[in-house]
Amino acid sequence: MELFLLHIVGQSTRFSLPCLWFLAVSSNGNLICMLDQTPSLSTSFAAACCREPPTSIKANRVPGSVTIASYNVHKCVGTDGRFDPQRVGDVIRELGADIIALQEVDERTGRRQGLLDLKSLRRETDLVSAHTPENLGSHGWHGNLILARKGVVQAVSLVRLPGLEPRGALIVDLEIEGVVLRVIAAHFGLLRRSRTKQASALLEATRSFLRPTILLGDLNEWRVHSRSSLLPLLPHFGPIHTVLPSFPSRFPLLALDRILAKPPSLISNLEVHHTSLSRIASDHLPIKARLNLQGIRQLHLQPDYL
C-alpha cells in the first residue's frame, strides 16, 4: 500500500495541548490518521472521529520480553447483551499473553460465582490462576484475577482499596524466567476522589518492595496530566499519560484500561487488541504490552534493587 503523508500541527482548544498528526492517504483512497505524540484525551477524541482510532504505540521490540495484558470481561456479557463466557475465552486466546489481569470475572453480589471456564483456558492456553480464593466458587478478589502461563508464585496479597464502592487489588509476586516482579491487578472506582485514594493505597503497598512492579487493570481514569486521578503514582509508575482508547469497545473513546510499570522503561509496544470478536465480547477492549525481562535482570544488578 502506497502512502502519501501530510504532517499537520494543530492545537486542542480545550486543553491547549499541541497535536501533531500524520494524515496518510492510501492508494485505495482511504484516510488514515496517526498521532505523532503520546495520545492525550483530546487527541483520542479527535482520532475517534477519524476512520480508525489510534490503537498502538510502538517501540523497538526487545529480545527476552513477554506479553502482558489486561481485560475487563464485563461479567462475560457482550455488547449484544448476551452472556457468553466461551466468547470471552476466545478473546483471551487471541491475545496470546504470558500474564493477563482480568476484571469482573465474578458475579458482583450473592455467592460471587466465577464466570469463566478456567479449566478450558488452562487446557488451551496454559494460563493458570496465580492464587486460590477463599471462596472456592469465585475466580478472583473483588473480581480481579491474574493468570500466568509460566512462572513460580512466591507470594499473594489481597488489598482492600479505599472508597465508597467495595474495591480491591490482587498482588502477586511472580518469578518468571529467573527474574522476580510484582504484578498488581486492580479495578478502580467510578468516583475521582476514590480513584486518587486507591492510587495512593497501591503506591503505599508497593513502597517497601524494591523489585520491578507491573500495575494492570481498569483504572477508570480517562483524564491526563493535571486532571488525572493517577497522579499519586508519579514518578514511580508510568507511562501515566500514554493513553489508548479501549472503551466502549464498539467505538473506543476513553482510555480506561492501563498497563503501568515501575520503572516505566520496562513497558514497550503498548496496544489495544481490536478484533471483530473483541468488539462484541465485552464493553471494553483488551490492552497488551511487551515486558522487558532483560531490563529487569539489569535492574536486579543495581544496588537499589538488591
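Guide: Asn 144 sits in the loop that links strand E7 (128-129) to strand E8 (145-148); strands here are DSSP runs of E, at least two residues, numbered from the N terminus. Please note that this is a predicted model, where local features need pLDDT of at least 70 and side-chain atom pairs count only at pLDDT 80 or more, while totals for chains, interfaces and linings use all residues. Residues are numbered from 1 along each chain as its sequence is written, and side-chain values use heavy atoms, with hydrogens and water left out.

Visitor: Is Asn 144 buried or exposed?
Guide: Buried means under 20% relative accessible area, exposed over 50%, partly exposed in between (1.4 Å probe, protein chains only). Asn 144 is buried, at a relative accessible area of 0%. Across the protein, buried residues account for 52% of the 306 residues.

Visitor: Which residues does Asn 144 touch?
Guide: Contact means heavy atoms within 4.5 Å. Leaving aside residues up to four places away in sequence, Asn 144 touches several residues, among them Leu 102, His 131, Leu 170 and His 187. Gly 168 is also touched, and the Asn 144 side chain reaches the Gly 168 backbone oxygen at 2.9 Å.

Visitor: Which residues lie nearest the centre of the second largest pocket?
Guide: They are Arg 112, Asn 135, Gly 140, Trp 141 and His 142, out of 14 lining residues. A pocket is an open set of points on a 1 Å grid over the protein atoms alone, where a 1.4 Å probe fits, with protein on both sides within 12 Å along at least five of seven lines; lining residues have an atom within 4 Å of a point.

Conventions. Helix = DSSP H or I, 4+ residues; strand = E, 2+ residues; numbered from the N terminus. Polar contact = N/O pair within 3.5 Å; in protein donor to acceptor, adjacent residues only side chain to side chain.
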